[in-house]
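Hi,

Here is the structure I promised to hand over. Have a look at it first, and my notes follow below.

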Amino acid sequence: MRLDDDIHNFYEKLVLEEIEKRKLNERYNDDVMADFCCTVLNQLPPRYIRYDVDMAFYLTQTDRLDMQQRVALAINFAIDQIAKKKDINE
């Protein structure tokens, strides 16, 4: 077993979906996006799984909506942090 290949945090997928939905990857360079993703994921509880299909099967619709709301709030916070950092550096 390889931990980095066999297990992942389900929130990573949700974060990437929201980033693509908001087209944030087109707005920020790779270096900023790496820090951005760390900021977002550090605000979310880990939800480790082996297979996405398991999560889809066992997750209720209410839990899924709650997770998506958490992701949206964490992304909004990270956007605010980037804006503050940009203002300080200018």
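Before the notes, one cut-off: a residue is called buried under 20% relative accessible area, exposed over 50% and partly exposed in between, with a 1.4 Å probe and protein chains only. Please keep in mind that this is a predicted model, where local features need pLDDT of at least 70, side-chain atom pairs count only at pLDDT 80 or more, and totals for chains, interfaces and linings use all residues. Numbering runs from 1 along each chain as its sequence is written, and side-chain values use heavy atoms, with hydrogens and water left out.

First, the overall picture. The chain has six helices and two strands, taken as DSSP runs numbered from the N terminus (H or I, at least four residues, for helices; E, at least two, for strands). Their order along the sequence is α-β-α-α-α-β-α-α. The C-alpha atoms fill a box of roughly 45 × 30 × 20 Å along the principal axes. Of the 90 residues, 27% are buried. Taking a contact as heavy atoms within 4.5 Å, 83% of the contacts between residues at least 6 apart in sequence join residues at least 24 apart.

Now two tyrosines. Tyr-28 sits in the loop between α3 and α4. Is Tyr-28 buried or exposed? Tyr-28 counts as buried, because its relative accessibility is 14%. Leaving aside residues up to four places away in sequence, Tyr-28 touches Met-33, Ile-79 and Ile-82. From Tyr-28 to Val-71, 43 residues away in sequence, the C-alpha distance is 18 Å.

Tyr-51 belongs to the loop between β2 (48–49) and α5 (52–58). With a relative accessible area of 44%, Tyr-51 is partly exposed. The C-alpha atom of Tyr-51 lies 8.3 Å from that of Asp-6, although the two are 45 residues apart along the chain.

One backbone detail for you: Lys-23, in the loop between α2 (10–22) and α3 (24–27), has a phi near 55°, a positive value in a residue other than glycine.

Finally, the charges. There are 13 positive and 18 negative side chains, and the centres of the two sets lie 4 Å apart. Here Lys and Arg count as positive and Asp and Glu as negative, without His and the chain ends, and each charge is placed at NZ of Lys, CZ of Arg, CG of Asp or CD of Glu.

Best wishes
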